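Please consult the sequence and structure shown here alongside the text.

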There are 2 protein chains.
Amino acid sequence: MNLKQLSQMLQLSQTTVSRALNGYPEVNEDTRRRVADAAKRHGYRPNPSARRLATGKTGMIGYVMPTGATVDIDPHFVEFLSGLGDFARSHELDLVLSPTAADEEETTYRRIVANKQVDAVYVSSPCPADKRLTLLDQLHIPYIVHGRSEGLDFAYPFLDIDNEGAFHEAARLLIQLGHNRIALVNGEDWKTFAIHRERGVRKALNAGGLALPDHRLISNAMTDENGYRATRRLFEQDDKPTAIICSSLFMTLGVMRALRDLNLAVPADVSVIAHDDVFPWLKPENFSVPLTTTRSSIRAAGARVAERLVARLSELEDGARGEVWPVDLVVRGSIAGAPPGA
Amino acid sequence: MNLKQLSQMLQLSQTTVSRALNGYPEVNEDTRRRVADAAKRHGYRPNPSARRLATGKTGMIGYVMPTGATVDIDPHFVEFLSGLGDFARSHELDLVLSPTAADEEETTYRRIVANKQVDAVYVSSPCPADKRLTLLDQLHIPYIVHGRSEGLDFAYPFLDIDNEGAFHEAARLLIQLGHNRIALVNGEDWKTFAIHRERGVRKALNAGGLALPDHRLISNAMTDENGYRATRRLFEQDDKPTAIICSSLFMTLGVMRALRDLNLAVPADVSVIAHDDVFPWLKPENFSVPLTTTRSSIRAAGARVAERLVARLSELEDGARGEVWPVDLVVRGSIAGAPPGA
């Protein structure tokens, strides 16, 4: 059955049927349901070309992807993409990745908007006063930010996890366990998520009458190697930490290896809490000591961003809605009371 | 400077200038160079829309991406994508990812070809008699396969690494070191790369008068957890291996943890060789014992696939050219002679 036959059967115009199937707001709910039911019953699947003609849309979501010798796209991106794909698939949406040099992002955004290559875009890993958001706000293309910026004078639609709250709770639990020298091994300090995590740790420490001195805060790209180096550096200090909070499971691989090399036992000598984005190929419960984590599925976030982009394209969502997801604190064997005399 | 001005200055038609800048074969080399020099000198950058009109191309490379609850895109994909992006960026090409259910791949390929959404596609992780290649061979769209299939009655363009040779050399080195119970912890056995790796190991073992019994071969998705389980299973046997060859660094994380849990030292009790795709965020030299590896950059492969797709679009490459990259065998501390009495 094609669109014409379906329309005739329902005694509706082809445009109405097409719009009903694509969730346009000008079609009322009764009609929408009647069309959807008939389409399902008769096995009608909209032809994307026809849909695009009817709706003026490309069926594509865009992502401007910084790349180049100095840029490493990290494995978090894969999981986010999996989630985005999970949702996009069921809506026959494609994703367009536009690789760009880091200093040509603006040009690339302008190009994909000018060429009408995509219906909407998403932005990831924002930093404070992120220029990409200022630009998108002017370009009039639907978008959603995965994460948050700070210090902009306009509101924008975003999906973020409660990084500050998660790391606040992690630090608070360690303080309750008697730790007073808590270190933070964080992501790059110019990204908002890392700033929020640091803020959460500081607030908990301040509330407990403690501080986060510079030598107990290390910020860097979240690789295994940087986790190792950070930990070695932390234990070269005179006042060594008794607990480490780490922003990624990858870094934590290096943290744990460094502690082994230093003959320090987890959790007897050092407690460890890591942030877990829920990767299927690297799980906190499988570390040599199962890790206590702040947990939030980055794949679920990808699916939700796709869902909201589709809602925006269908005018079911508008305005600058922000959505902040709470984060689980999952306790496993890697934490204990501060060692006596520490 | 725009295309018209550049053309007038060079006393060439706009079509000729456009084709020269896009590497079309009908423009002779002298003209091509003259146009490229002038464009560079006067800061002319082709407008992609104009380019597309002139060339009939979309400027997009496609990838049909299986997704869904049961499909995990793994981190290898990110590194490949980084490499593809590195090259695509300098040619203002975008990548279109079309998410698909595993059982709807054919429909998705047909859709993107029918809709002329992309100029070319690449295919990854092929299996023997891969239906995607049979389909693409009929659909008349330029494509390149990353990896190889087997048992097809037509030739196709591909880029692969010498998986068989790499794993043959790894096994041969272990045999030379006196090992005669060598285990293989491999990727999923329906993918060609895993079949080739197994074949390489078997050939080396056979040449040394040894065998690979079923209980010393474990094939599965290449996660940390599966590496751990495989190793535990290998050491529940009566004739325990003295060496393990492992198809991925992720799995090797689990292999090494299992060996630690079993109180087995690397390399004194067990030698380990792993395949390294050269991830920036997980390096073999940083494992608790630096790993001997078969090494080939999957990022470089991504860049080369993009380069060859562009060459095919420009008609600088045609036919079913196969390209097989040799693989380095990099010796580090994780291998030693077989333990005495083993």
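This is a predicted model: local features need pLDDT of at least 70, side-chain atom pairs count only at pLDDT 80 or more; totals for chains, interfaces and linings use all residues.

**Domain layout**
- The domain assignment of chain A places residues 60-161 + 298-325 in domain 1 and residues 163-296 in domain 2.
- Between the C-alpha centres of these two domains of chain A lie 29 Å.
- Domain 1 of chain A brings 14 residues to the contact, and domain 2 of chain A brings 18 residues.

**Interface between the domains**
- About 1400 Å² is buried between domain 1 and domain 2 of chain A, with 56% of this area given by carbon and sulfur atoms.
- On the side of domain 1 of chain A, the most area is lost by A:His76, A:Glu150 and A:Ile161, which together account for 39% of what that side buries.
- A:Glu150 also forms a salt bridge with A:Arg199, where the closest N and O atoms are 2.9 Å apart.
- Two elements of chain A, α5 (75-90) and β5 (158-161), each give two or more residues to the side of domain 1 that touches domain 2.
- α5(A) gives the most to that side, with three residues.
- Seven nonpolar, three polar and four charged residues make up that side of domain 1 of chain A.

**Relation of the copies**
- Chain A is superposed on chain B by a rotation of 180 degrees with 0.0 Å of shift along its axis (RMSD 0.1 Å).
- The two copies are therefore related as by a two-fold rotation axis.
- In chain A, the C-alpha of A:Val96 is nearest the axis, 2.2 Å from it.
- Both copies use the same surface, as 100% of the contact residues of chain A recur in chain B.

Technical notes: Residues are numbered from 1 along each chain as its sequence is written. Chains are lettered from A and ligands numbered from 1 in the order in which they are written. Side-chain values use heavy atoms; hydrogens and water are left out. Copies are superposed by least squares on the C-alpha atoms of residues with pLDDT of at least 70 in both. Contact means heavy atoms within 4.5 Å. Domain bounds come from an automatic or database domain assignment. Buried area is the accessible area (1.4 Å probe) that two parts lose on being put together, summed over both. A salt bridge is a side-chain nitrogen of Lys or Arg within 4 Å of a carboxyl oxygen of Asp or Glu. Helices (H or I, at least four residues) and strands (E, at least two) are DSSP runs, numbered from the N terminus. Ala, Val, Leu, Ile, Met, Phe, Trp, Tyr, Cys and Pro count as nonpolar, Asp, Glu, Lys and Arg as charged, and the others, Gly among them, as polar.
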